[in-house]
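Student: I am new to this structure and would like a close look at a single part. Please take me through it step by step.

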Amino acid sequence: MTSESSPQPMIVTCDAGGTMTDILLVDAAGRFSVGKASTTPQDESAGFWESLEDAFSQWGVTLDGGANGALKPLKVSIYTGTTMLNTLLQRRGKKVGLIITKGFEDSFVVERGMQAVAGYSYADRLHTVTHAHNAPLVPRKLVKGATERIDLFGKAVIPLYEHEVRDATKELVEAGVEAIAILFLFSYINPAHEQAAARIARAAMKKMGREVPVFISSEVSPTIRELARLNSVVIQAYAAEPVREQLFRIEKRLHDAGVQYPLQTMLAYGGLASVRYPRLYESVVSGPVGGLLGARFLGESVGINNLITADMGGTSFDVGLVTEGKIPLVREPEFARLMFNLPMVTINSVGAGAGTYIRLDPMTKRIMLGPESAGADPGPVCYDRGNEIPTVVDCDLILGVVNPDYYLGGKVKLNKEKALARFREEIAQPLGLDVYEAAQGVLELINAVMRDQIRSLVLAKGYSTVDYTLMAFGGAGPMHMAGFTEGLTLKGLMTVPYAAAFSAFGCATVDYSHRYQRSTHMFVAPAAEAPAKLAVAKDLNRAWEDLETRALAEMMAEGFARDAVHLQQVAFIRYGGQLDDVEVFSPVRRIESSEQLDALIARFEDLYARIYVSGARFPEAGFQILEVAVVATVSKVKPLIERRPLSPPEPPSRALKGMRQVYHHGRRHQASIFEMGELEPGNVIEGVAVIEAPNTTLFVPERKRIRFDEWGLIWME
Amino acid sequence: MDKYPPKEVLKDLIEGKLDWRRVKQIMSSPKDADRFEKYLALMQERVRWPEKILLPLGEHLYIVAKGKQRIVKCDCGCEFGDWRENWKLKALVYVRNTRQKLAEIYPGPRSPDPAWCEIREFYCPGCGTQLEVENVPPGYPVTFDFLPDIDGFYAQWLGKPLSEQVSAEDKSVKVTSQWARELSRQPTPKVARNARTSSAARAKRAG
């Protein structure tokens with residue numbers, strides 16, 4: 001691996017999913033290599049390493065345990081995994097003790113009605129018998145109340161009863177907790193009591209000679225609404241710390257192999273953080289985030305501002321929007337049936353993937369899709385590993401779109417006969433349909449589900465699909481992109497050859513960045529005079545300053561120079577009395593005059609008019625700022641998206657692998673089969689055609705064609 | 001994954017041994033067409049008496065065919081008579097109608113006002129299992145929770161009509177009017193009431 005022509009790995013990103021660990025290697029010239037291996041939940045570093053070896057082998061390089069220095073040139077390594085998700089779903093996190101404002105000890109038991117149905121399908125939401133409260137993350141006996149109260153203005157109306165904190169700490173430590181979380185009401189306005197309680201708890205433990213980490217909610221997530229804040233602070237102790245142990249193990253393997261830079265992970269709002277980042281719970285959802293960020297990056301590189309991303313994997317279909325180069329955030333997402341105070345990029349997900357189960361309702365004979373899916377084990381019927389319920393990919397196989405001998409590059413042999421037999425027996429015969437017609441019908445149904453998801457996301461925002469280019473990715477995205485966009489009027493439709501690992505690619509395109517946010521109570525009256533505005537500006541500046549101090553301290557602790565850190569001041573503004581606010585980037589670092597505040601508000605009104613319509617503006621109600629944030633960013637090396645010279649439209653003859661019969665739209669077609677890796681920029685292929693790659697299949701229906709452009713994008717026209 | 005839960009899983013479901021996630025999964029999936037028969041067969045295996053179960057009526061009660069009759073039976077074997085007569089009328093009852101008795105269940109400020117509500121707990125005279133609890137205003141008639149149209153269900157839902165058709169009409173009043181007749185024969189109603197009442201009043205006094 002010393003020769004000049006060998007690719008020099010520059011970025012490695014890893015997306016460890018529930019079943020597969022995908023690696024994307026990028027070299028300095030922008031060449032990609034995709035590696036795949038099974039996820040190893042016990043010690044994720046094993047799956048990571050195997051996948052890494054697979055990716056290197058595509059370049060003809062053996063990793064040899066890393067001793068040969070093949071990894072030395074790596075500048076960025078990013079890892080996103082599912083440990084936290086699994087820890088939460090299986091409720092097998094650390095033993096956490098909780099100290100909470102007295103009277104609120106039952107918060108986990110009472111929770112919020114929404115959490116009783118969080119993550120449910122529409123049918124389950126309707127059927128109340130399925131509604132259930134979550135088992136408390138902290139058992140009631142490990143929750144201790146402490147008398148104190150801070151009111152909503154931040155004033156201490158009842159002092160903290162310190163002896164209660166001391167006693168509670170003692171009892172919790174004696175009960176064997178591995179961490180203590182502290183949450184008091186309104187601590188996001190005034191953290192004094194929480195901070196004092198943490199000091200008391202630490203002192204008490206020191207005295208006892210047994211110390212465990214203490215987490216306070218005002219440090220983890222100083223935002224309004226105590227249940228989401230409670231979940232956030234407890235998750236940090238309960239699930240994020242075990243994740244850190246996994247990440248350290250992976251980092252150690254990389255460092256042992258000569259990598260000099262720290263391992264990074266992806267945060268829910270699309271920033272990167274070192275594995276030493278204190279609020280690691282923010283990485284709780286990170287896999288699907290990558291795709292959206294990757295699409296934005298690609299869009300920026302080639303000049304596309306408005307994008308719809310459609311990520312079709314094995315279990316879900318995730319849709320996101322990039323509008324004018326911006327990705328909207330949700331600030332109270334739900335995850336593993338819990339709500340969090342955590343900004344997260346907006347992604348709408350529906351249980352429609354290649355592995356989604358297809359069943360007939362035995363009473364009505366109606367086709368039912370999902371909501372669960374077969375995953376990788378036992379997998380679809382055609383895997384022949386014991387699953388008897390047909391899935392979507394079995395239909396693709398029956399129709400001839402999927403090649404049974406080239407699935408995952410031939411690593412998995414598919415049993416087409418079995419898929420056909422089971423599908424006939426379970427679906428086609430009871431419906432009295434021909435097996436091909438039925439399989440086609442199922443695909444049309446699942447495509448319709450996905451199309452509705454796209455449509456509702458775009459239309460609900462008041463946008464039109466006409467202004468958007470849709471980018472399809474995920475293992476099954478290219479196969480279904482023609483189907484789920486049928487009938488949508490789009491500006492363009494495209495995918496990329498590395499669609500299966502696009503989420504991992506996306507992680508590589510992101511800057512190193514953290515967000516710091518806190519709730520506030522600020523109001524600008526409609527006819528406010530300059531002094532009133534300056535008072536608001538003073539509060540705003542102070543809040544930003546606090547956040548910046550924290551941001552810089554953390555960034556510098558992570559080894560960045562002060563000058564390298566770019567700070568962006570953010571205010572979440574809404575019209576008085578409305579429920580939704582808009583994230584507004586401040587044009588200035590500090591608001592020094594009433595005119596500058598007006599400029600910030602004008603920016604809000606402009607954004608508001610673009611998101612909704614200008615007639616919906618309502619300045620007469622005044623403006624509320626209930627949350628402020630600071631985004632601290634340090635730029636990093638990113639993959640290179642290079643324009644390549646165009647070859648003639650005719651694909652090279654070696655790319656054509658043969659012909660295969662494909663059933664589509666009610667009839668059989670002779671489809672040309674191409675190898676994705678052999679196609680060149682400029683090539684055009686008319687449907688009906690199937691383009692095969694080891695980890696994905698692109699289907700081109702009749703009257704459609706695909707074109708490889710100079711940026712490496714594949715357009716369907 | 002199995003298409004439908006196999007027998008052992010259904011058995012665990014009945015016995016409450018499945019974890020919530022599996023239960024939820026079963027609830028959210030379609031039922032196999034013969035789930036009722038499977039369920040009934042499992043119930044039949046669990047009881048020690050021979051009568052055929054027609055319909056489960058609660059956690060411990062069943063409507064069974066006994067000869068030509070359809071009666072309510074507890075899994076201990078205790079019989080409550082015709083299914084159209086409210087079985088609660090033949091159960092033991094403990095009534096919580098004082099502050100003190102209510103406070104045993106709902107202590108402190110959660111305790112309801114006995115002038116407004118009472119809690120009636122129904123127990124099997126055979127095994128002492130609590131079968132049902134009702135919460136009603138004092139003086140409210142004993143509620144008849146469920147009078148299923150067994151023939152309608154077997155004929156129209158399962159498509160397997162039972163050999164004999166019996167109309168599902170509430171016959172509980174037969175029992176209560178019998179009590180009334182017995183009471184009216186007593187010379188001094190007030191004393192008699194105490195001496196010969198339903199098990200309900202007996203337990204009430206004893207409690």
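Predicted model: local features only at pLDDT ≥ 70, side-chain atom pairs only at ≥ 80, totals over all residues.

How many residue pairs are in polar contact across the interface of chain A and chain B?

Tutor: Across the interface of chain A and chain B, two residue pairs are in polar contact, both at pLDDT 80 or more. Two elements of chain A, β20 (356-360) and β21 (367-373), each supply at least two residues of the side that touches chain B. The count of salt bridges between chain A and chain B is one. Lys24(B) forms a salt bridge with Asp124(A), and their closest N and O atoms are 2.6 Å apart.

Now widen the view of the interface. On the chain A side, 19 residues are in contact with 13 residues of chain B. Together, chain A and chain B bury about 1300 Å² between them. Carbon and sulfur atoms carry 60% of that area. Three residues stand out on chain A: Arg359(A), Pro362(A) and Met363(A) supply 27% of the area that chain A buries against chain B, more than any other three residues.

Next, chain B itself. Chain B has 207 residues, and 36% of them are buried. Its secondary structure comes to eight helices and seven strands. Among the contacts in chain B with a separation of 6 or more, 44% link residues 24 or more positions apart. The accessible surface of chain B is about 12200 Å², with 54% of it on carbon and sulfur atoms.

Look at its partners. Strand β2 (residues 61-66) of chain B runs antiparallel to β3(B), and six bridges join them. One pairing to find is Leu61(B), whose bridge partner in β3(B) is Cys74(B). β2(B) and β3(B) form a hairpin with two residues between them. In that turn, Gly67(B) has a positive phi of about 60°.

β3(B) also pairs with strand β4 (residues 79-82) of chain B. That pairing is antiparallel too, over three bridges. Val72(B) stands opposite Gly81(B) in β4(B). The hairpin of β3(B) and β4(B) has four residues between the strands. There, Gly77(B) takes a positive phi near 110°.

Terms used: Residues numbered from 1 in each chain as written. Chains lettered and ligands numbered in written order. Heavy atoms only, no water. Buried < 20%, exposed > 50% of the residue type's maximum accessible area, 1.4 Å probe, protein only. Contact = heavy atoms within 4.5 Å. Areas by Shrake-Rupley, 256 points an atom, 1.4 Å probe, with all protein chains shown as cover. Pairing = 2+ DSSP bridges. Buried area = accessible area lost by both parts, 1.4 Å probe. Salt bridge = Lys/Arg side-chain N within 4 Å of Asp/Glu carboxyl O. Polar contact = N/O pair within 3.5 Å; in protein donor to acceptor, adjacent residues only side chain to side chain.
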